[in-house]
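The following note collects points on the model for a colleague's review. Please read them alongside the coordinates.

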Amino acid sequence: MNSALGFGFVSLGFMASLIGTFGGIYALISGKDFLLKTLRQWSWLIGIGALGAFVVMEVAIFQRDYSINYVRQVGSSSTPRLYNFAAIWSSLEGSLLLWMLVLAGFLLAVTIKFASKPNDPLLGWALVVMFGVSSFFFLILFGPANPFVSSEIPLGFIDGPGPNPLLQNHILVAFHPPMLYLGYVGFTVPFAFAIASLITGRVGDGWLLATRRWTVFAWTFLTLGIILGAWWSYEVLGWGGFWAWDPVENASLLPWLTGTAFLHSVMIQQQRGILRVWNISLVCATFSLTIFGTFLTRSGVFDSVHAFSESAIGPWLLAFFAFVSLGSIFMIGWRGNLLSSKGAISSFKSREAAFLANNFLFGALAFIILIGTTFPLLAELIDGTQLTIARPYFDSMGRPVGFMILFLMGAAPLVPWGESSTELLRQRLNFPAVAGLVGLLISVLFGARGFYPLVAFTLASFAAGSALRQLFRSVKNQKFRGVLGRKNGGMIVHLGVVMLAVGLVASESYRVDQVFRMKVGESVTLEGNSFEYVGSGDSEDSRVQTRFVKIKINDNKIYEPAITRYRRQGIVVPTPSVRSSLVKDIYLVLDESPEEQDGPIRLRAIVRPLVIWLWIGGLFMGLGSLLAVLPAKKKVDLAAIVEAKTS
Amino acid sequence: MNEESSFENALELNSSVSKIATVCGLVLVVFIGFLIAATLIFGSKESESRLLGKQAPTIAGVSLDGNEVSNSDPGTWQVVNFFALWCPGCIAEHPELVKFSNWAEENNKAEIVAVVFDSPNLSGIQEFFNSNGGDWPVLDNPSIASDFGVGKIPETFLVSPDGVVARRIQGEVVAADLIEFIESYSDDKIS
């Protein structure tokens, strides 16, 4: 029943997507307005198909409808409700349902938002591109990764295993994938409008204005998704780190970098009318990279922490990536003559030059990461060498680029558009420069040592000074509205980046890590913190068996790192216990659990300063970019639209 | 300043756009070709095991029905199957293992050793075998799974008569496939 119903919804969505795509193309080419008006109906049908399929699968998981193979794979009567809800995206087929649901949501949002202009070919083509993308994902759900395949329940089958243990031991699992998908899938909207502008030849700024908020929205969720993923890794995986330069992590960073570059360079186009080719390329690259990232996650080419989602749809995604990326390049080449714009950047000391440098750096960073991720594969293909490109490569290549980005983050907001005088710059630089020096001084006073960290702290303080200067001035003039709008919201994002950078550098540079063999009652110290092994204990329910030890930190509160055995999966995972504060994190994880009650243990204690600022910084980045889409002044949009029409 | 304006010009000149697009397109084609090759070669799961072509890890212990099991001197093919009753694939593949086991007994070519991959309820296993067929020994020793590097079940290893891991199968097995592999492997050796 569920199986047939779910597959029915998938079929509905697939058909509606196909008809929308081809019917839309026909309507647009033949110019039949009455057909164009029907495009909206297809969006609604796709929405019904995607939502219906998702809901049916959730119902099947909660009903433990084991006639559906996917439910046999991820369902279990012992999974707690929240993780059972999240179980739908714990494996491939269901996560594609989530993808499709998000895509249908964006499609409907675009349809509703632009409902007043049903005959606009730009909108028509954008919808067609989105229908095309949704046809692809429905095709996957319809054929190679059909989540509703059912079969007779095998003899002796009583209960499913539930999701992978790593996907049911922290609440962040319920948020990281949906956030990431909102980001990944959200970039479909600017991509669709970019392609539509190429097809219609309306390559002016109209499509940029139409999609600016959508892009910021997608970027916000991609940022939050990545940071939540890092946080999950830190809280769950027990290695005390948050970023492993794992291929799949890198894959999520690539579209983030090109998307960030776009959010900056788009302002050059709006101010100066140049860089059209570049901007449209960045949008296409960002969308292509989201597909590329999905390919890396799903193809099984890499060993990765995300390897539980391997599948046979790798070749499909690769084909789609090839189609999207080559198609975009072809379209851009085809419209090359329209995209050209006169004018160039005249001064080195201008906002546009700073943004261009910023784009160069983000591009370089994306390239460094792409090479580092794919080169080992290349080496193994060519001569069978097993090569690992790990942290040292990314650290040493990324560090100088990161420093330059921090510097530009401070400098760019100070430089005006067009020409500027050295005198003006000097005057504006005063406050940030002092902030940088104060930051350096404070770091040294608090015991920070080492060349690179001190450079980082100085540059970060400089960037913070620059952002704060802008915010102070703006709040002084406009009161609470001073934190709204692109520029001010952007500065709050910058402050978030500064916090994140400081947290990153401090927690990486001053990490202290030690393993202790301890008997019960013993006490050890690390970095002035004392740890006393008070005793051990066991707990179990139908799902897990847990052996935890009680560690008293600084004669105060007790923390309980544990080893958790997931009965169904037969997998044992360490569960760390973390004491966080604004100053430092103390991370406890068991290297060896006690074999009997209160037996000897091996305890790993990690002290890392300022880790929490990574998460707070991420929050600021999300908050800032939401503020950035709220208008700074009333009626600013009207003015922008008039401006776009006249240009 | 000059550098940046020339960069700008390069991006914006009419004819250059098409030229640059062509170059980028070609680079991308090469990159995609490389990804296709990588998918074909590394995307298949069987090639992954570090054990392939190496001596199989020791299997020793007492089976659930109380017999000594060891692979120290097999003299015949051993099919090492990791399974559990909570694993849908393992239950689905059971009839195939029974089929294979019948063939193996008739031809005296192979024996199966099953290893429980974590099951809270071992008594159900005997019942499962009684009702579904299969009389091969079942071991309950978690260290075997970690020696073989098993992460996901069902997973099956084919160990040749000289004790070398010849094949790793992740996912459900098919009897005909196992039989064909063993037959052709023996032929290769003889020729």
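A residue is called buried if 20 or more other C-beta atoms lie within 10 Å of its own, and exposed if 12 or fewer do. On that criterion, buried residues make up 29% of the 191 residues in chain B. The model under review is a predicted one.

1. Confidence. The predictor assigns the complex an ipTM of 0.75 and a pTM of 0.82. Within chain B the average pLDDT is 78, and 75% of the residues score at least 70. Residues 1–14 of chain B stay under 50, and the model has 23 contacts beyond four places in sequence for this stretch. Where pLDDT is low, the predicted coordinates should not be read in detail.

2. Overall make-up of chain B. Chain B contains 6 helices and 7 strands. Along the sequence these elements follow the pattern α-α-β-β-β-α-β-α-β-α-β-β-α. Of the contacts in chain B between residues at least 6 apart in sequence, 75% join residues at least 24 apart.

3. The sheet of chain B. In what order do the strands of the open sheet in chain B lie? The order is β5-β4-β3-β6-β7, an open sheet of 5 strands with mixed pairing. Its edge strands are β5 (138–139) and β7 (165–170) of chain B, each of which pairs on one side only. Further in, strand β3 (residues 77–83) of chain B runs antiparallel to strand β6 (residues 155–159) of chain B, and 5 bridges join the two. Within this pair, B:F82 stands opposite B:E155 in β6(B).

4. Two enclosed helices of chain A. Helix α7 (residues 121–142) of chain A has 22 residues, which at 1.5 Å a residue should span 32 Å; the end C-alpha atoms are 30 Å apart, in agreement with that expectation. Because 18 of the 22 residues of α7(A) are buried, this helix is largely enclosed by the rest of the structure. Helix α19 (residues 485–509) of chain A has 25 residues and reaches 36 Å from its first C-alpha to its last, close to the 36 Å expected at 1.5 Å a residue. With 22 of its 25 residues buried, α19(A) is likewise largely enclosed by the rest of the structure.

5. A helix pair in chain A. Two packed helices are described by the angle between their axes and the distance between the axes. For helix α9 (residues 188–200) of chain A and helix α10 (residues 206–236) of chain A, the axes come within 9 Å and cross at roughly 170°. The pair is therefore roughly antiparallel, since angles over 145 degrees count as such. The residues of α9(A) that meet α10(A) are A:V189, A:P190, A:F193, A:A194, A:A196 and A:S197, and their counterparts in α10(A) are A:W207, A:A210, A:T211, A:W214 and A:T215.

6. The β2–β3 hairpin of chain A. Strand β2 (residues 523–526) of chain A and strand β3 (residues 529–540) of chain A run antiparallel and are joined by 4 bridges. A:V524 stands opposite A:F531 in β3(A). The two strands form a hairpin with 2 residues between them, and A:E527 in the turn has a positive phi of about 50°.

7. Strand β8 (residues 577–580) of chain A pairs with β9(A) in the antiparallel sense over 4 bridges, and 3 residues separate the two strands in a hairpin. The bridge partner of A:V578 in β9(A) is A:Y587. On to strand β10 (residues 601–609) of chain A, β9(A) is joined by 8 bridges, again in an antiparallel arrangement; here A:V589 stands opposite A:R604 in β10(A). Strand β9 (residues 584–592) of chain A has 7 of its 9 residues buried, so it is largely enclosed by the rest of the structure.

8. Positive phi outside glycine. Two loop residues of chain A deserve a look. A:D555 has a phi near 55°, a positive value in a residue other than glycine, and lies in the loop between β4 (544–553) and β5 (557–559) of chain A. Is A:D555 buried or exposed? A:D555 is exposed, because 8 other C-beta atoms lie within 10 Å. A:L610, which is not a glycine either, has a positive phi of about 60°. A:L610 is placed in the loop between β10 and α20 (612–628) of chain A, and counts as buried because it has 20 C-beta neighbours inside 10 Å.

Conventions
Residues are numbered from 1 along each chain as its sequence is written. Chains are lettered from A and ligands numbered from 1 in the order in which they are written. This is a predicted model: local features need pLDDT of at least 70, side-chain atom pairs count only at pLDDT 80 or more; totals for chains, interfaces and linings use all residues. pLDDT is the predictor's confidence in each residue, from 0 to 100. Two residues are in contact if their C-beta atoms, placed from the backbone, lie within 7 Å. Two strands pair if DSSP finds at least two bridges between them. The expected span of a helix is 1.5 Å times one less than its number of residues. Axes are lines fitted to C-alpha atoms, for helices over the stretch in contact, and angles run from 0 to 180 degrees between N-to-C directions. Angles under 35 degrees count as roughly parallel, over 145 as roughly antiparallel, 65 to 115 as roughly perpendicular and the rest as oblique.
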